[in-house]
Amino acid sequence: MPPGGGGGGPMKDCEYSQISTHSSSPMESPHKKKRTAARRKWEVFPGRNKFFCNGRIMMARQTGVFYLTLVLILVTSGLFFAFDCPYLAVNITPAIPAVGGVLFFFVMGTLLRTSFSDPGVLPRATPDEAADLERQIDIANGTSSGGYRPPPRTKEVIINGQTVKLKYCFTCKIFRPPRASHCSLCDNCVERFDHHCPWVGNCVGKRNYRFFYMFILSLSFLTVFIFAFVITHVIIRSQQTGFLNALKDSPASVLEAVVCFFSVWSIVGLSGFHTYLISSNQTTNEDIKGSWSNKRGKDNYNPYSYGNIFTNCCVALCGPISPSLIDRRGYIQPDTPQPAAPSNGITMYGATQSQSDMAAATPLLQSEPSLTSDELHLSGGKPSLGTPCASLTLGQPTPPSSMPNLASEAALADILPLKEEHGGHQFLTPDEAPSPRPLTHSRTMHVLGLASQDALHEDSVRGLVKLSSV
């Protein structure tokens, strides 16, 4: 035994941890993959909305004014039922609290239905749909002239003999249908967009307009109802005990009268304005812009009006409600694998990012072809090896036939050091060979010349022959 250590030396102390070759590849069995919880579409919704109850409730993000609306209605109605209705039911009729209760529940129901529902949001175009639309635009414009042309902002369609412009939305990547508009607060295109109402905390569009109209109309009746009977309550009490004593006996009536007096004018006026819009089949957005005003021309008219007030009201209030187009409670379908671009700038098609990372980090996992006698020839008239090289003992892994990640031949010389004496080669025994340093493989691929690759191949084969001969 040569003097360098007995019983095993550094080679026996060197341990190699096995690198796991299991990764997320297309050939891996499905039961071995990690199952992730399926996500719903509302969780990745691109608009500025808030969702509650697993996507069943949809609202705008700015909901502070909506809560103020709830407080005003609940406090005013609660004071009325607590302090005025008991006296009015005894001295006038018990029908007053009953009618007030019906109006209150109808107001709350229509308010919540308007605030918690989808107003008619149009889904945004997928990347494939947007690309297809851009191709259609390029074909329509003609791309032979070269240069970049932005997509046109409008298209023209004819509805009931009237030319209507369809505007292109650069956010949603779609041509908006007639009467649709993009809400800047919710960042959504809404079908038959009327306006964004902060008092209900939502947009008002095709799917919730009728509930919004019934809300403001019933709220007008409730406000007038409460204000009228609060005044009646104060008058009856003042006739019995005097005006000042009546105010002292029922101080809540004063607060109710003040709130109702300052709010009834705006609520009743808003109800009258939307009654006019419904009777003419217009939206607030169209009326403000004057889309169908005669000032734009004698031939300009509303193509959506049926020419009859009763028909327009029936269509707006009694027509069918279209289903939601965004399917916010649906599950997200898994995407098909896309080509991943590694950080070194080399696009690797047909492999996922995790596979390319693993291939760059562990080049030793590549399959090693068996060496034949023709491949194991040595320069300078060295004898060739007739049989394939046997595997190394003492747990040392077989070095690969080619190592493109090594920058120079000095790395191989450090791994397999050789000693030369008097013109001949003296081979190292397994006990004298030092422990190989761990190789750190960079993801950056060093492109070596053909001559240097042949030299590396020849030196690695020489090392294999010398170790196997021991």
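**Figure 1. The whole chain at a glance.** The protein chain exposes about 28,500 Å², and carbon and sulfur atoms supply 61% of that area (Shrake-Rupley method, 1.4 Å probe; for residues, only the protein chains shown count as cover). Please keep in mind that this is a predicted model, in which local features need pLDDT of at least 70 and side-chain atom pairs count only at pLDDT 80 or more, while totals for chains, interfaces and linings use all residues. Residues are numbered from 1 along each chain as its sequence is written, and side-chain values use heavy atoms, with hydrogens and water left out. You will find 12 helices and 11 strands in the protein chain (DSSP runs numbered from the N terminus: helices are H or I with at least four residues, strands E with at least two). Of its 470 residues, 33% count as buried (under 20% relative accessible area; exposed is over 50% and partly exposed in between, with a 1.4 Å probe and protein chains only). Among contacts with a separation of 6 or more, 65% come from residues 24 or more positions apart (contact means heavy atoms within 4.5 Å).

**Figure 2. Helix 2 packs against helix 3.** Helix 2 (residues 64-91) and helix 3 (residues 95-115) pack at an angle of about 170 degrees, with axes 10 Å apart (axes are lines fitted to C-alpha atoms over the stretch in contact, and angles run from 0 to 180 degrees between N-to-C directions). The two helices are therefore roughly antiparallel to each other (over 145 degrees; under 35 is roughly parallel, 65 to 115 roughly perpendicular and the rest oblique). Residues from helix 2 including Phe66, Ile73 and Phe81 meet a set in helix 3 that includes Gly100, Phe104 and Leu111. The contact residues divide into 16 nonpolar, 5 polar and no charged (Ala, Val, Leu, Ile, Met, Phe, Trp, Tyr, Cys and Pro count as nonpolar, Asp, Glu, Lys and Arg as charged, the others, Gly among them, as polar).

**Figure 3. A closer look at isoleucine 96.** Isoleucine 96 lies in helix 3 and counts as buried, at 4% relative accessibility. Leaving out residues up to four places away in sequence, isoleucine 96 touches Phe80, Leu88, Phe225 and Phe229.

Figure 4. The strands run in the order 3-4-5 with antiparallel pairing (two strands pair if DSSP finds at least two bridges between them). Strand 3 (154-159) and strand 5 (174-175) stand at the edges with a single partner strand each, so one side of each has no neighbour in the sheet. Strand 3 pairs with strand 4 (residues 162-169) over 6 bridges, and lysine 155 stands opposite leucine 166 in strand 4.
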